[in-house]
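Morning, everyone. Please have a look at the structure on the screen.

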Amino acid sequence: MPYSLVSAATLGFDLVRLPAGRAVAEVLLTGLGADEAAIGRLAAVHPARGLDLERRGVRAVRGRRAREMAAGVPHMRSAADAGSGAGDRTALLVAQLEQGTIGDAPTLERLLREDVLGSEHPLRAELDVDLWDEATEVLADAAVGFWAAGVLPPLVRRDLTAAFDRAQDAGPLATPAGWQLGPAEDELMTFLAAVRDLDDAGRTRWRFAVDEGRGAQRPWATAMHEASWAAHVSGRTRALAAAQLLAVQAFLDGGFDLRDGAAGVWNAVAGCVQAVVMADLLGEESAAVLVAPRERALPA
């Protein structure tokens, strides 16, 4: 299944279950919010700068081989195949949800190159093409390297991510101003801070809240679609995607793990984010469905 900015919550479902999913979110957030200075910093650390043609060719081959190895990240299909002989349908489903991703490294890279840094980026048509391409390569390598951190040899992973890490040494590459999070930015940041600061009791409340709301799965999916459509028609898809990626980081910083992601806690958090960011355009009934877990989990 290809990723898209419209379905950023689906991408988030994968990222909260990957070993370096938080870092993948950081790469994508950098692309979404990059200004001219950030693009310049990224391009400046491109590892092929100053290399002759032969050494550039060697680097290109290494990059292709690393991407071939990245295919080893378990996919929903491969997780199902691995457990097909187990005979326990419930155990198979759990393995799929905990271990298998919906997308893969090629679809992630396509998302970065074509959606995040494509023609809809506000600076795409204004900056030098070569500079833009160098910055894109740095981000693409880092996205793949972090995505596949669980299966790549450490040296291969570092070869892909080192340039991005160097670019960050001088400070953050993107800020909320670049994401243009919309009229509910303050409420969103307050909600994400509450998730990030959860203790054991707080995480347990979220798990109970998810269990209590399992009967409302169909209305939840419809409400998520309504919020995504509202973002699309209002030109706020990139803002909503940035909000979901920030939620990935808050979810992991708050101590949730891949089991929580697979068990529905991520969906609950992602739904709250949809409702907060699109509150001005979302119907009351849909908004109530999406924020219901927050009302049960976070004390007033």
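I'll talk about salt bridges here, pair by pair. Keep in mind that this is a predicted model. The whole structure holds 18 salt bridges.

Start with R113 and E109. Their side chains meet in a salt bridge, at 3.0 Å from N to O. Where do R113 and E109 lie? Both are in helix α7, residues 105-116. They sit 4 residues apart, about one turn of the helix. Now, buried or exposed? E109 is buried, with a relative accessible area of 12%. R113 is partly exposed, at 29%.

Next, R203 and D200. This salt bridge spans 2.3 Å, N to O. The two residues are 3 apart in helix α12, residues 200-212, so about one helical turn separates them. Look at the accessibility. R203 has a relative accessible area of 13%, and it counts as buried because the cut-off is under 20%. D200 has 54%, so it is exposed, the cut-off there being over 50%.

R207 belongs to helix α12, while D260 belongs to helix α15, residues 258-263. R207 is partly exposed, at 30% relative accessibility. D260 is buried, at 7%.

Last point: the network. Which residues are joined by salt bridges that share partners? They are R67, E109, R113, E137 and D141, in one network.

Note on methods. Residues numbered from 1 in each chain as written. Predicted model: local features only at pLDDT ≥ 70, side-chain atom pairs only at ≥ 80, totals over all residues. Heavy atoms only, no water. Salt bridge = Lys/Arg side-chain N within 4 Å of Asp/Glu carboxyl O. Buried < 20%, exposed > 50% of the residue type's maximum accessible area, 1.4 Å probe, protein only.
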